[in-house]
Amino acid sequence: MTACEGQMLNSCYRTPSSDTLLPSENETLEINTNVKEEPIEEMSKQDQPVETKETDEQKRHKIASELLQTEKAYVSRLDLLDGVFYSRLLEEANRGSFPAEVINKIFSNISSINAFHSKFLLPELEKRMQEWTTTPRIGDILQKLAPFLKMYGEYVKNFDNAMELVKTWTERSPQFKFIIQDIQKEKVCGNLTLQHHMLEPVQRIPRYEMLLKDYLRKLPQDSLDWKDAEKSLEIISTAASHSNSAIRKMENLKKLLEIYEMLGEEEDIVNPSNELIKEGQILKLAARNTSAQERYLFLFNNMLLYCVPKFSLVGSKFSVRTRVGIDGMKIIETHNEEYPHTFQVSGKERTLELQASSEQDKEEWIKALQNTIEAFQQRNETFRNAIAKEYEDIPVEVSNAELGKRAPRWIRDNEVTMCMKCKEPFNALTRRRHHCRACGHVVCWKCSDYKAHLEYDGNKLNKVCKDCYHVIIGCTDSEEKKKKGILEIESAEVSGNSVICSFLQYMEKSKPWQKAWCVIPKQEALVLYMYGAPQDVKALATIPLLGYTVDDTPRSADLPHSFKLTQSKSVHSFAADNEELKQKWLKVIHLAVKGETPECQNELQVNLEEQPESSKTSEC
């Protein structure tokens with residue numbers, strides 16, 4: 001029914017207003033006696049307007065005409081997207097202003113959709129309307145549309161990602177932003193944004209569905225077009241459900257963008273997973289004097305934004321005071337004689353005492369908050385149950401007695417954010433994820449720097465965590481220290497019991513000189529440890545001295561008091577603060593490279609203690 005028809009219908013059934021003057025009972029009788037009675041049938045025939053009723057055939061022609069006109073407008077919109085927006089952005093991308101891949105992802109298969117409608121469907125509809133007197137049907141044409149609905153499936157599926165890319169690159173690339181804004185100024189755009197035009201293909205399928213339903217209602221079941229039209233509707237309705245979902249997401253995204261602007265573009269809320277539940281003004285009761293302060297709430301499916309209004313000449317603006325997560329939130333109805341309609345929102349981040357404008361407003365807020373909490377808990381419970389069901393037949397952990405004998409279930413990488421042993425957070429560069437092959441835990445490289453023979457893997461050596469290594473190997477603490485002696489021995493531990501230790505300048509190959517705390521431990525007198533500082537818990541590098549050649553004659557380009565250790569292609573250069581310290585180091589190193597240890601370590605330590613005052617910062 002059109003708007004005009006609706007107004008006519010309303011006017012026909014409009015009742016007289018209460019201020020209409022009605023005749024009294026006597027006046028009525030007098031009028032009735034003076035007026036000559038006419039047959040009711042005759043009067044009704046005279047009053048009835050003469051109108052020609054539209055036949056179903058005419059209505060079907062009208063629907064077909066509407067389909068053609070809307071198709072022409074739709075093809076024009078597709079030409080704008082494909083031939084203007086897409087072409088100009090791709091042309092600029094080929095100049096290197098931004099990646100061409102991004103433009104292709106934004107517009108997906110819009111060129112294929114445009115080609116189908118402009119070269120096939122629109123010409124078919126135009127031809128059919130010219131032949132309507134002999135072939136009054138559209139079901140057969142729309143049925144041909146069905147195989148091409150897959151194109152729309154791809155476009156709709158990509159729609160959320162396309163919107164996100166447009167937003168991202170509008171902020172990131174000035175050229176991208178300029179081209180879009182320049183096109184949007186053109187008359188053909190009708191003052192609408194690129195995002196609005198991109199929604200057209202998503203909205204088109206539901207439009208076909210609506211017209212086809214209307215067409216079928218006016219079509220006799222014995223019509224030759226009935227089967228084709230019915231089959232077309234069935235296929236199009238399935239595709240329309242996906243489009244309607246995308247439209248709802250777009251509307252939600254549009255609302256999120258509006259709120260994002262209200263919040264000064266500072267809160268990261270524009271995410272397809274965020275859904276606005278309720279918003280509105282509220283009063284906050286101050287904790288000390290119970291004075292009421294004006295506030296504004298935005299309730300989402302996963303959080304509550306508690307905001308303070310900001311002065312603005314254009315539109316509403318707010319500043320977020322607190323973000324309260326729905327997880328763990330509780331709603332308590334409170335009673336305050338001085339301040340009615342109050343309730344309390346208690347979250348992990350903050351507890352708020354709020355006052356609604358009325359009892360109804362208070363009930364609406366409490367209901368919205370409680371429903372959101374319940375929905376959040378239900379989603380989490382569903383997720384937990386799904387995970388539990390997936391692994392219900394798999395033991396969570398392997399017992400100590402079975403370590404290495406039975407393959408473990410690996411904990412997924414995305415289930416943890418930190419090492420399950422040392423609790424250090426993971427990151428992409430310096431602390432990556434590794435799996436212990438014995439217990440399946442996700443650990444960092446430091447905690448997985450162990451290997452053990454695992455029975456379930458044919459006794460092959462596998463990477464395991466520190467705890468599993470202890471259980472499988474059964475090593476003691478002293479053995480563990482010996483095992484991790486390569487890099488994991490703490491500097492303070494070896495420096496206090498060393499043959500020699502001091503700061504030296506160090507250079508490897510052509511790298512720049514750097515200061516290092518160098519130590520040769522008593523228990524490992526053939527290994528030189530290098531630390532960044534005397535209290536470091538891990539060595540930067542170690543040099544097994546056995547087999548190295550010592551060159552104690554500095555070149556002109558070298559630092560004074562320097563010496564070199566060479567072996568094959570490895571060259572390590574050192575420089576002491578003075579000649580005396582250099583000789584002490586050479587005395588120990590000359591023995592170590594031959595596999596010997598100092599016979600009189602105490603004497604060497606005493607000699608180090610006798611260094612001049614200027615060098616005491618380098619002593620052990």
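**Overview**

The secondary structure of the protein consists of 18 helices and 18 strands. The model is predicted. The points below are grouped by topic.

**The protein as a whole**

- The protein has 620 residues, and 39% of them count as buried.
- Its accessible surface is about 37200 Å², and carbon and sulfur atoms account for 50% of that area.
- Of the contacts between residues at least 6 apart in sequence, 55% link residues that are at least 24 apart.

**Helix H4 and helix H9**

- Helix H4 spans residues 56-93 and helix H9 spans residues 174-184; their axes come within 10 Å and cross at roughly 150 degrees.
- Because angles over 145 degrees count as roughly antiparallel, H4 is roughly antiparallel to H9.
- The crossing of these two helices, H4 and H9, is right-handed.
- On the H4 side, the residues that meet H9 are Leu-80, Val-84, Phe-85, Arg-88, Leu-89 and Glu-92.
- On the H9 side, the residues that meet H4 are Gln-175, Phe-176, Ile-179, Ile-180, Asp-182, Ile-183 and Gln-184.

- Cys-189 lies in the loop between H9 and helix H10 (194-198).
- Its relative accessibility is 1%, so Cys-189 counts as buried; the cut-off for buried is under 20%.
- Leaving aside residues up to four places away in sequence, Cys-189 touches Leu-80, Phe-85, Ile-183, Gln-184 and His-197.
- Among these, Leu-80 and Phe-85 of H4 and Ile-183 and Gln-184 of H9 also take part in the meeting of the two helices.
- Cys-189 and Leu-81 are 108 residues apart along the chain, and their C-alpha atoms are separated by 9.9 Å.

**Helix H4 and helix H6**

- H4 also packs with helix H6 (residues 110-130), at an angle of about 150 degrees and with the axes 9 Å apart.
- This angle makes H4 roughly antiparallel to H6.
- The crossing of H4 and H6 is left-handed, whereas that of H4 and H9 is right-handed.

**Helix H5**

- Helix H5 covers residues 100-107, and its buried residues include Val-102, Ile-103, Ile-106 and Phe-107.
- These four residues lie on the same side of H5, because they cover an arc of only 120 degrees around the axis.
- An α-helix has 3.6 residues a turn, so residues three or four places apart point the same way.
- After H5 comes Ser-108, which has a positive phi, near 50 degrees.

Key. Residues numbered from 1 in each chain as written. Predicted model: local features only at pLDDT ≥ 70, side-chain atom pairs only at ≥ 80, totals over all residues. Heavy atoms only, no water. Buried < 20%, exposed > 50% of the residue type's maximum accessible area, 1.4 Å probe, protein only. Arc of directions from axis to C-beta. Contact = heavy atoms within 4.5 Å. Areas by Shrake-Rupley, 256 points an atom, 1.4 Å probe, with all protein chains shown as cover. Axes fitted to C-alpha atoms, helices over the stretch in contact; angles between N-to-C directions. Parallel < 35°, antiparallel > 145°, perpendicular 65-115°, else oblique. Left-handed = near helix turned anticlockwise from the far one by under 90°.
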